[in-house]
Amino acid sequence: MGRRRPIEGDAALREASAPREAGGASQLRIGAHVSIADGVTGAVRTALSLGGNTFQFFTRNPRGGGAKALDPADLERGLTLAARHDVLPVAHAPYTVNLISAKPEVRSFARRTVAEDLERAGAMGSPFLVLHPGSHQGAGVEAGLKMLVDQLRPILDAPGDTQLLLETMAGSGSEVGFALEQLASVLEGTGAPSRLGVCGDTCHLWAAGYELAGEGLDRFLDRLDAVIGVKRLRAFHLNDSRFGRGSHKDRHAGLGEGEMGLDLLRGVVCHPRLAGVPFLLETPQDLDGYRREIALVKSFCPG
Ligand SMILES: [Zn+2]
Ligand SMILES: [Zn+2]
């Protein structure tokens, strides 16, 4: 059927990955998760004040469900500012969204929210919507992944070009998506549409057991390329981890303040195969802390 994964050199996929190449593949994109309380304009201003050229934001209250109506004047101002300073917004869906919940009403809320937030993300200037694959709550990983495919199909079949990025998870509780093969099975099950991609998270991958230092990183990227296609990795959360490798605990630490350490994180940021992928801090920092970490990351890669 010609729609199987991974589709190396697929023209549609290349086109879909254009945002990561904006400004040249070698340009470092670094920013932090910021509040959207003062609209897109406020978020872009905050991102710039931190010294970043990207930022992440929640499409709506991360722990509630309601979404404020978008303000056209704010969008106009914010997106103009972002374009002028070449700042890339990256949208993240709320944590309450669980497409594979055991409760049907939670699943239907999740379907509606993801569909709506794909549109909201696009309107807010983000080419992506980052989504946690969800927690199966006892059904088992395999059944959870199957349900995820069924839930995603109608969402991905709807018109629109905002890409949905499934995040790599730590595998805490009954989370699915903590192994590359699990995400690959979702890609395969949905027919690997060009608008479905992956968002990495250094802390989650480490907690899931992946070795990301030295040759371990090369092995990880080879595996990623083999089962998913490295081109589908469109964003990367940059976090240290409070707990050890394989702990399956999702606890972020400041860069160099956790078990992963600066050398490992530098290796990820500067790896040539990840050039152009936006890196987003979700570390437990205030704005001054983010400012320091962004400056630190900018000093990572020579040249
Ligand atoms: Zn996330
Ligand atoms: Zn996390």
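Helices α7 and α9 are roughly parallel to each other, because their angle falls in the class under 35 degrees. This is a predicted model; local features need pLDDT of at least 70, side-chain atom pairs count only at pLDDT 80 or more, and totals for chains, interfaces and linings use all residues. Residues are numbered from 1 along each chain as its sequence is written, with chains lettered from A and ligands numbered from 1 in the order in which they are written.

**The α7 and α9 pair**

The two helices pack at about 20°, with axes 10 Å apart. Axes are lines fitted to C-alpha atoms, for helices over the stretch in contact, and angles run from 0 to 180 degrees between N-to-C directions. Contact requires C-beta atoms, placed from the backbone, within 7 Å.

| Helix | Residues | Contact residues |
|---|---|---|
| α7 | 180-189 | Leu180, Glu181, Ala184 |
| α9 | 215-227 | Arg223, Leu224, Val227 |

By class, this contact has four nonpolar, no polar and two charged residues. Ala, Val, Leu, Ile, Met, Phe, Trp, Tyr, Cys and Pro count as nonpolar, Asp, Glu, Lys and Arg as charged, and the others, Gly among them, as polar.

**The barrel**

Eight strands form a closed barrel with parallel pairing, in the order β1-β2-β3-β4-β5-β6-β7-β10. The twist averages 30° from one strand to the next. Helices (H or I, at least four residues) and strands (E, at least two) are DSSP runs, numbered from the N terminus. Strands pair if DSSP finds at least two bridges between them. β4 (128-131) and β5 (163-167) pair over four bridges in the parallel sense. Phenylalanine 128 has glutamine 163 of β5 as its bridge partner. Helix α11 (287-298) lies across β1 and β10, running at about 155° to β1.

Key
Contact = placed C-beta atoms within 7 Å. Parallel < 35°, antiparallel > 145°, perpendicular 65-115°, else oblique.
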